[in-house]
Amino acid sequence: NKWKIATCEAYPLYRFRHSAIEYNEKMYIFGGCDGKTVLKDVWIFDKKKPSWEFVEYTGQVVPLFRHTAVRIKDCMYVVGGVSSD
């Protein structure tokens with residue numbers, strides 16, 4: 001295995017206490033906190049390209065941190081966490 005630095009035009013903000021899963025050679029991250037704001041964004045890192053992609057979604061999603069996520073088949077389930085409310 002070799003390490004390679006990925007240079008990406010778009011990428012997620014610095015964050016911690018977010019969740020991540022891997023599916024089909026891609027990593028999906030959701031939420032977390034940047035130190036000031038609780039986040040509710042979703043990003044995908046494609047290991048083959050390598051590049052980040054922001055995911056646009058519809059519906060109401062609560063910003064969360066300190067949560068967990070699991071993948072079952074082709075779905076990402078987010079459980080628990082703390083919201084900004």
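Visitor: Why does Asn-24 count as exposed?

Guide: Asn-24 has 57% relative accessibility, and exposed means over 50% relative accessible area, buried under 20% and partly exposed in between, with a 1.4 Å probe and protein chains only. The value is over the cut-off, so Asn-24 is exposed. This is a predicted model, in which local features need pLDDT of at least 70 and side-chain atom pairs count only at pLDDT 80 or more, while totals for chains, interfaces and linings use all residues. Residues are numbered from 1 along each chain as its sequence is written, and side-chain values use heavy atoms, with hydrogens and water left out.

Visitor: Where does Asn-24 lie?

Guide: In the loop between β1 (19-23) and β2 (26-33). Strands here are DSSP runs of E with at least two residues, and they are numbered from the N terminus. The C-alpha atoms of Asn-24 and Asp-46 are separated by 9.0 Å, at 22 residues apart along the chain.

Visitor: What makes Asp-46 count as buried?

Guide: Its relative accessibility is 11%, so Asp-46 falls under the cut-off for buried. Asp-46 is found in strand β3.

Visitor: How many aromatic pairs does a search of the whole structure find?

Guide: The search finds 4. Rings of Phe, Tyr and Trp (its six-membered ring) pair if their centres lie within 6.5 Å; planes under 30 degrees apart count as stacked, over 60 as edge-to-face and the rest as tilted.

Visitor: Why is the pair of Tyr-14 and Phe-16 called tilted?

Guide: The ring centres of Tyr-14 and Phe-16 are 6.3 Å apart, so they pair, and the planes stand at 50 degrees, which is neither stacked nor edge-to-face. Tyr-14 is exposed at 62%, whereas Phe-16 is partly exposed at 31%.

Visitor: What makes the pair of Trp-43 and Phe-54 edge-to-face?

Guide: The angle between the planes is 65 degrees, with 5.4 Å centre to centre, so the pair passes the edge-to-face cut-off. Trp-43 lies in strand β3 (residues 38-46) and Phe-54 in strand β4 (residues 51-55), so the pair ties together parts 11 residues apart in sequence. Ring pairs also link Trp-43, Phe-45, Trp-52 and Phe-54 into a cluster.

Visitor: Is Trp-43 buried or exposed?

Guide: Trp-43 is buried, because its relative accessibility is 9%. Phe-54 has a relative accessible area of 41%, so Phe-54 is partly exposed.

Visitor: What joins the side chains of Asp-41 and Trp-43?

Guide: A polar contact of 2.9 Å joins them. The term covers a pair of N or O atoms within 3.5 Å; within protein, one must be able to donate a hydrogen and the other to accept it, and residues adjacent in sequence count only if both atoms are side-chain atoms. Asp-41 is found in strand β3 and is buried, with a relative accessible area of 14%.

Visitor: How many disulfides does a search of the whole structure find?

Guide: The search finds 0. A disulfide is a covalent bond between the sulfur atoms of two cysteines. The criterion is a pair of cysteine sulfur atoms within 2.5 Å. Cys-8 is partly exposed at 22% relative accessibility, and Cys-75 is partly exposed at 33%.

Conventions:
Helices (H or I, at least four residues) and strands (E, at least two) are DSSP runs, numbered from the N terminus.
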